[in-house]
Amino acid sequence: MAMQDYIVIKGAREHNLKNLNLRLPRNSIIVITGPSGSGKSSLAIDTIYAEGQRRYVQSLSSYARQFIGELQRPDVDSIEGLSPSVAIGQKTVTTSVRSTLGTITEIYDYMRVLYTRIGVPYCYNCGEQITVQEAERIIDAVLSLPEGTRLQILSPLVRERKGEHKKELLQMRREGFVRVRIDGKMYDLTEEIRLKKQARHTIEVVIDRLIVDHSIHRQLRNSIDHAFRYSDTVIINLVDKDEDILFSRTLACSRCGISYPEVTPMSFSFNSRLGACPACNGLGFEGVSEEGDDVEELRPCRACKGMRLRKESLGFRIGGLNIGEFSRLSVSDALEFINSLQLTERESTIARRIIKEVKDRLGFLRMVGLDYLTIDRPAVTLSGGETQRVRLATQLGSSLTGVLYVLDEPSIGLHPRDCKRLLDTLARIRDDDNTIIIVEHDEDTIRSADYVVDLGPGGGGSGGWVVAQGRPEEIEKAERSLTGRYLSGRLVIPLPVARRQAKEYIRLFGVSEHNLKNIDVSIPLGLMVCVTGVSGSGKSTLVFDVLYRALRKIIYGDRITPGKYRRLTGAERVTRVVSVDQRPLGRTPRSNPATYTGVFTHIRELFSRTTEARTRGYGPSRFSFNLKDGRCEACKGEGFRKMEMHFLPDVYVPCDECRGARYNKETLQIRYKGKNISEVLDMTIIEAYEFFYNIPPLKERLQVLVDVGLGYVKLGQSATTLSGGEAQRVRLSKELSGGQRGHTLYILDEPTTGLHFADIGNLIKILQGLVDKGNTVVIIEHNLELIKVADYIIDLGPEGGEEGGYIVATGTPEEICENPASYTGRFLKEKLSVKGARRDEKERVLSI
């Protein structure tokens, strides 16, 4: 291979990387793996992708760069053969409930155009198909108003368009008009009118002003004819009521006389005043803010039934569905609907290109295993893995070549059956002459790679070395590679010596939320229970929406609404219910593992007890970066400043005053065992564990963080930078540190996210320990290594979406394997039959 066939990295030292030199083959799928904290993200994202982004910014004009600033160069000597880089991460881009699967993928935008072009309008009042309304009928309607009614006749010139619109206003002034209504407010055209250029405006010119009586027929006809010169719509404004009556010579119901405004794609946009439901302002939900602060309690708007649009817009139908009903379809159902449309020759000619774009995008979503999601699914409710695969689907539609894609665990949330479709999709992107670098722990993904880089041997300071590299079969043979030893079967996560047997149950009857099919479910208590099934089969709905919310309402009296079920028994056998999920620990960068777990309280107390701190009168609050006395005021204790990148993600650069330390110089002069407070926050958890080894309260809490696989995370690492899996393990550590009381039901959502084989073994020990103390652990999981050690499995399916929601199988892993209808059982059978998985070899893994 020639030099340009490789990405050549020399001297990579970012974070814990140990001056690495690598030659990575281009136009290949490259998996970077290794234990948690071994430097995978430091190499893939903080070095390779960051340098690609920096070079892109450097290639921009000096004018463009002045809005961005200089990006910091990664700590690397050189990288050759680097292509333009695209990072497809798991972070949700927006917190607004306005963003949906349809808007992210542009499916909804294309459908808005389709409904504008070939949608058939029906009256929202009587259901009759709408026809054209003639001027004479408009005159009759106006003359039927009570005599003496004061009215204005207006004609729309501009509808929800950005700009100052000076040309239109000047033209109306020249034609002799004196009044105009802009965004609902009257203006005098003889005076100067200034509009905000970046705002959307609606401008309606006042054609005439009349008082209803028998003598105005001729003047009324002239005024209406004049109004129709500017628009197909006439607005009759009742002055005393400040109420508009809309008439259209294009669309009007022959039975009710109701007119519809001129239809445009904006008529179907819930982000425009022309289309948005006035009751919920296009959000589709009641009692929710633009930023979607509480997405757990989303209640559909009663006016639009959650469809977000005006009743006029929902009157347009294609194939019997309005655009709101289409948006409620799953990806697979939407694809079937589009394929089954029967259009006339004229409609086919108009819609051909639009339908192709919609079908392509729906097909891409199906390829990445998201065919169970609905088009109207709010983006804020997508999991990290789903968000990443949505972005991957949009990249498929871009048809780019010569690009370097960097992905962070794309297999998260995927059943082993669906993972094969994802890997086929990645291979298709690679075959278009692209390079794909994946940070991944999934065994199937590692085995499918063209090239593997295994980092380690441990995490944090003991990581950052290349332990092995080459093709997957070469990694298997590498003696020093922990990953290779698991791939080859020389190391295994063993089966439990015996499966626990249940004596008591929580039983749910008639569960019918979302796609669940009126099922009855028994959850055994005092066991480790795994809820499994393909993506979209109803796992989260059953466990979180129904079981968790119902128990919270029963045990704590929470004012929440559980998913639909008929009856629940056995709740009295549980004293606590705890959800350990993957939601971010906090919405601001100020939250971090030290503050969330309470470790920082003890650390601040230690600093306040030093001789120098007591001499100066500094209490624990002095060492808080949230309070004025001790923090750096230039950055308000954040340690960085945000630089808006305009057309790229925001970049955070260290504060010029404190250099990222967060505190003022007086606070930083206080030291404990030679370290100031900022230096302690910059320690990894494993470093802090060794540093505070002789302080029992700190040692115990830090030990738990190490045990759950977070030894590589820094104490002061911003919560917003933690992955969903990391956030979940921080929550788990907090719960473990609090002391277990027994009779608690713990609910976890894919706790193996982001964990290497060896780390999964440690996590299993912790979870088994919780059960041994008399608790119940219910886990939603796809990882077969964890599923195989469960005491009991509830397998949902058989498919996702509407074809899911049934109980396919229940029982021990061995019993699930014997059920031919269970996809989980098929894959689990291979896992249980692997050489070395015997129960008598337990110590081979637990000693690692």
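**Helix packing and buried residues**

Modeller: The buried residues of helix 9 pack against helix 3 (101–105), helix 4 (107–118), helix 8 (323–327) and helix 10 (345–367). Helices here are DSSP runs of H or I with at least four residues, strands are runs of E with at least two, and both are numbered from the N terminus. This is a predicted model, so local features need pLDDT of at least 70 and side-chain atom pairs count only at pLDDT 80 or more, while totals for chains, interfaces and linings use all residues. Residues are numbered from 1 along each chain as its sequence is written, and side-chain values use heavy atoms, with hydrogens and water left out.

Colleague: Which residues of helix 9 are buried?

Modeller: In helix 9 (residues 331–339) they are Val331, Ala334, Leu335, Phe337 and Ile338. They sit on the same side of helix 9, because they cover an arc of only 160° around the axis. That arc is taken from the directions from the helix axis to the C-beta atoms. Buried means under 20% relative accessible area, exposed is over 50% and partly exposed is in between, with a 1.4 Å probe and protein chains only.

Colleague: And at what angle do helix 4 and helix 10 cross?

Modeller: Their axes come within 10 Å and cross at roughly 160°. That makes helix 4 roughly antiparallel to helix 10. Axes are lines fitted to C-alpha atoms, for helices over the stretch in contact, with angles from 0 to 180 degrees between N-to-C directions. Under 35 degrees counts as roughly parallel, over 145 as roughly antiparallel, 65 to 115 as roughly perpendicular, and the rest as oblique.

Colleague: Which residues make that contact?

Modeller: Helix 4 contributes residues including Ile107, Tyr110 and Met111, and helix 10 contributes residues including Glu347, Ile350 and Ala351. Contact means heavy atoms within 4.5 Å.

Colleague: How do helix 10 and helix 12 cross?

Modeller: The axes of helix 10 and helix 12 (residues 416–431) come within 8 Å and cross at roughly 120°, which makes helix 10 oblique to helix 12. Phe364, Arg366 and Met367 of helix 10 meet Arg421, Leu422, Thr425 and Arg428 of helix 12.

Colleague: Switching topic: how many disulfides does the search find?

Modeller: Zero, across the whole structure. Cysteine 301 is in no disulfide, and the nearest cysteine sulfur, that of cysteine 304, is 3.7 Å away. A disulfide here is a pair of cysteine sulfur atoms within 2.5 Å.

Colleague: Are cysteine 301 and cysteine 655 buried or exposed?

Modeller: Cysteine 301 is buried, at 4% relative accessibility, and cysteine 655 is buried too, at 6%.

Colleague: Where is histidine 165, and what does it touch?

Modeller: Histidine 165 is in the loop between strand 7 (150–162) and helix 6 (166–174). Leaving aside neighbours within four places in sequence, histidine 165 is in contact with Val158, Leu195, His201 and Ile203. Histidine 165 and histidine 201 are 36 residues apart in sequence and 8.8 Å apart in space, C-alpha to C-alpha.

Colleague: Last one: where is threonine 100?

Modeller: Threonine 100 is in the loop between strand 5 (85–88) and helix 3. At 3% relative accessibility, threonine 100 counts as buried. Not counting residues up to four places away in sequence, threonine 100 touches several residues, among them Phe270, Arg308 and Asp376.
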